[in-house]
Amino acid sequence: MGGSMEGGSLFSRETQALFYNYKAAPVQRMLDFDYLCRREKPSIAAIVSPGSKPGGFRKAFFGNTEIAIPVYGSSAEAAAAHPKADVFVNYSSHRSAYQSTLDCLPVPSIRVLVIIAEGVPERDVKVLIAECKKSNKVMIGPATVGGIQAGGFKIGDTAGTVENIIRCKLHRPGSIGFVSKSGGLSNEMYNVLARTTDGLFEGVAVGGDAYPGTTLSDHVRRFQDIPEIKMIVVLGELGGSDEYGVSEMLKSGVLTKPIVAWISGSCATYFNSAEVQFGHAGARSGNLDESAASKLTALREAGAICPTSFEGFEPLIAETYMKLVESGELVPKPEIEPQMLPGDLHQAIKAGQVRKATNMVCTISDDRGEEPSYVGVPISEVIGQSYSVGDVISLLWFKRLLPPWATKFIELVLVTAADHGPCVSGAHNSIVAARAGKDLVSSLCSGLLTIGPRFGGAVDQAAINFRNACDSDTSAEAFVEGLKKKGLRVEGIGHRIKTAENRDMRVELLSGYAKENFPSTKYLSYAETVEGYTLQKANNLVLNIDGCIGALFVDMLSGCESFSDVEVGEILELGALNGIFVLSRSIGLIGHALDQKRMKQPLYRHPHEDVLYTQPERPYKKSKSDPDSKMDM
Amino acid sequence: MARKKIREFDGKRMIAAALKRGIGLDLLLKIAQVSDESGSINKENLLKLYPWFGEVPLVVKPDMLFGKRGKNNLVLLNANVDQAVEFILDRMHSEVEVGGVTGKLTHFVVEPFLPHDEEYYLCVQTQREGDLISFSCTGGMEIEENWDRVKSVLVSPGDEFRSEEIHSLLLSADVVQADAPLLEKFVAGVYQAYVENDCTLIEMNPFTIDRSQNTPAILDVRVEVDGYAHFRQAKNWSHVVFPESWGRVKDEDERYISSLDEKSGASLKLSVLNPKGHLWTMVAGGGASVIYSDTVVDLGYGNELGNYAEYSGNPKEQETYLFAKTLLSLAVVNQDKRTALLIGGGVANFTDVAATFTGIIQAIKDVKGKLEAAKAKIFVRRGGPNYKTGLRLMEELGEEIEIPIMVYGPETSMTKIVEHGIQWIETGV
């Protein structure tokens, strides 16, 4: 048996815990229970998150309001700041439960240690049991849901939902002590006790391991010393010999309170004996029989009240309870209204009880299911069927799958516009930022932020202009002269060095692709008519790459039979074409930033001799008292 | 189950490796395992694999996790390679009954035969209060008759097994003075091997001293390890196999669920008890599942119980689906009369009932036609987080697929549906 278990209850309405390894759900469940019970203080004093720095906190609801629970990096620190917390609730994994519990054992203010994890090696658990015994501390678990003192203190997930806690009357104390191995059955039995008695006083699930920190008989012994407990209910199971501890205590007279007990596992005889092994290890197998029937017989002979089946357990508990009430030994504890909790929004939505307006709407992707999807296309299909970058752009930007000739065109544009050397505004800015020691994202953004009406923005405007003019049958001359009259540039026309004789190869290749693959190149033809007109004015007023891309994009959008005229107009107005340029040029800008960083280039400083310094005559502050003083100088 | 028995072949290799590593004691172990996996069983092949089969007399034993092989005439001593091969071939795949359990022999262990006089007994076993180390100079087949000569000492958890303790243990067991130093070293090393490998049992009955090489020789050993320690024993246990217990043969469906269980963070267990049974259970929770089976047995219908099945630890929807589908496919095989399917459970602490039911519902839809053919009626009882939604989904399913589904919540006693299920298979009501 574990440490000294005499002397009654482990918990009270003032009990506070250190919660090791934060888990949102059990923390909130503990605090919800506290509020139902009208506890003054929440039952969690602090959270221990190994390695975390001091000063942090976690939020949780205490009734209607949120509270901040302080977080500490070690159990010792947390205990020093919260010396009244005497329960250690350990939610770490089976791999680290041993060390974290061992670390907490020397903390003098901690009396009870609970290990939730299943699968802690036996060798480690035995050390913890021995250490607990030496320092007179109580360990519950491993492999347990924990335990509860009705109306007082609840460990972690014990007793489940708020609704269940109220149905089981666990928000106020009753008169029954209950102990079992299984956490799930404990909760079942809390329901049974609520139906048949004035309810639970204290309940513990010791856990299903071979060596639980405290055993069934440890807790039964403790229940004997708790005056509020008038009747003890035990649910044992086959395997192990712990139940014999209870029958021995009954025989020796240590236990005097009525004990109603059932041992599960009578079905074992129907299982092939090879399948279920409950044997003792070792050459000298134990003298004690570990079957359910033998343990039940021993308990019955020692004076425990035992049914003949689990179905008979509930009526027998009711009968025993009623006898205690009739004899006056048990005065039923009063029913107390719980302090009702406000409904939880997430649970209410899940249960379909409330509706709530959303704050955001998204129509292009979804990350809620088994895997993310793009406009309903699961990501596995995107990978599995080798969707191209163009396909993904058409899904996420236009919410449809464009034909292959169109997505291929998008990719050609992306490739074509990726970089234009280090001297253009965007690349220059990225290079300067990178050389100033800024990170990659800052360097990229520095370049991207130059994109606008003068740098890279011509594509958008060219597309809109060519489309409007072409659709309204405006002649090339009227189009060009109309813009000129308004003082506007003809976007998409003109090049620094290229001429009618020395064509831009990029324009040639994109046009060639379009003419071969597009169903129509109406807008490109219109742009070429405009070029024909402007070339009469000067030899370098050719259709440039911006104009070519702009016109062809309109051809693509109009020719793919996916968009109405209004939709094409909207796509252009929203700046989708600019988006293509931003996306494409980001490739180059990242390249420049990486290039500079790789070469460890120092801070860029523009040379003096490259700046024309010219300033107006210097101004002077005007004095109120002497407005003309400057004139005197 | 946390504790796992391993074969003598693996146990001896584990101990020998630990002795060499820990205290530099080399047992000069020669050992072979013969099974279907080790290649064809004939003299030529075995001699190629193990040349020493032709050089020394041999001991051959089945290596099937059961003891008392000597008493059951399953040990071949002082044999040559021809006799060894014949012994194995005669018994391979044959059925034998040992300890009340019948099973097939599939693995044999072969070692050099060592003539010896002394038979020592050494056992290290886990107890709540520590590790109990027992030693006797009169080991062997008659150990139980000589139990009063076995001396024991308890090593407390976390403590060392001090040399003076070992010395007085062996002294109390009347060890011959001349052999004491070697025996003390060996006992210390075995305890260290036990600790380092997270064993819960090492029982040697017997071991002896090989006088020709002046080393201890383990003649027979049982080893159990703590399965919970798997996460830190990957290296030490890399070659260790964890077989099913003696007589336990898993069918394909049970093996499939085992593999799901191993991969999952949740628990998924299935045992087929009677493929022709008409009561099939799928119960949430390790504790509750036993009680459902108990109730079937207590009501006198143990022979109708088709299976034992348990799921817990908040399994994922997909895992519950695969689990339910496997179980249902077994339940609908026998269509000779009515079938009852009990989807039971207690009031969950934290498992999302609706989420687990979604997987089960999909599986039920998949086998709808067969459920009808088996005249199945489904009984559901469950409570816990989100249980109302879960129960409603089950009710809606019943209406949709026109298979009767009775649904109960936490206000009904947990095992009530067992009575209902029995009533259905008996009377059709």
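**Two chains, their contact and a few local details**

In this predicted model, chain B splits into domain 1 (3-232) and domain 2 (252-427), with bounds that come from an automatic or database domain assignment. Taken over C-alpha atoms, the centres of domain 1 of chain B and domain 2 of chain B sit 44 Å apart. Residues are numbered from 1 along each chain as its sequence is written, and chains are lettered from A, with ligands numbered from 1, in the order in which they are written. As the model is a prediction, local features need pLDDT of at least 70 and side-chain atom pairs count only at pLDDT 80 or more, while totals for chains, interfaces and linings use all residues.

The UniProt record (an unreviewed entry) puts "domain: ATP-citrate synthase ATP-grasp" at residues 2-237 of chain B; its positions are given in the numbering used here, feature names are shortened, and annotations may be inferred rather than shown by experiment. That stretch of chain B is 26% helix and 31% strand, with its end C-alpha atoms 15 Å apart. Helices (H or I, at least four residues) and strands (E, at least two) are DSSP runs, numbered from the N terminus.

Next comes the meeting of the chains. Chain B puts 61 residues into the contact and chain A puts in 52, where two residues are in contact if their C-beta atoms, placed from the backbone, lie within 7 Å. Several elements of chain B each supply at least two residues to the side that touches chain A, among them strand E6 (101-104), helix H7 (286-298) and helix H11 (387-401). H7(B) gives the most, with ten residues.

E6(B) also pairs with strand E5 (residues 95-98) of chain B, in the antiparallel sense and over four bridges; pairing takes at least two DSSP bridges between two strands. Within this pair, Glu97(B) has Thr102(B) as its bridge partner in E6(B). The two strands make a hairpin with two residues between them, and Gly99(B) in the turn has a positive phi of about 60°.

Over in chain A, Arg111(A) lies in the loop between helix H3 (97-104) and strand E6 (112-115). Arg111(A) counts as partly exposed because 18 other C-beta atoms lie within 10 Å (buried means 20 or more, exposed 12 or fewer, partly exposed in between, with C-beta atoms placed from the backbone). Not counting residues up to four places away in sequence, Arg111(A) touches Asp86(A), Lys137(A) and Val138(A).

Chain A averages a pLDDT of 91, pLDDT being the predictor's confidence in each residue, from 0 to 100. Residues 274-287 of chain A, though, stay under 50. Where pLDDT is low, the predicted coordinates should not be read in detail.
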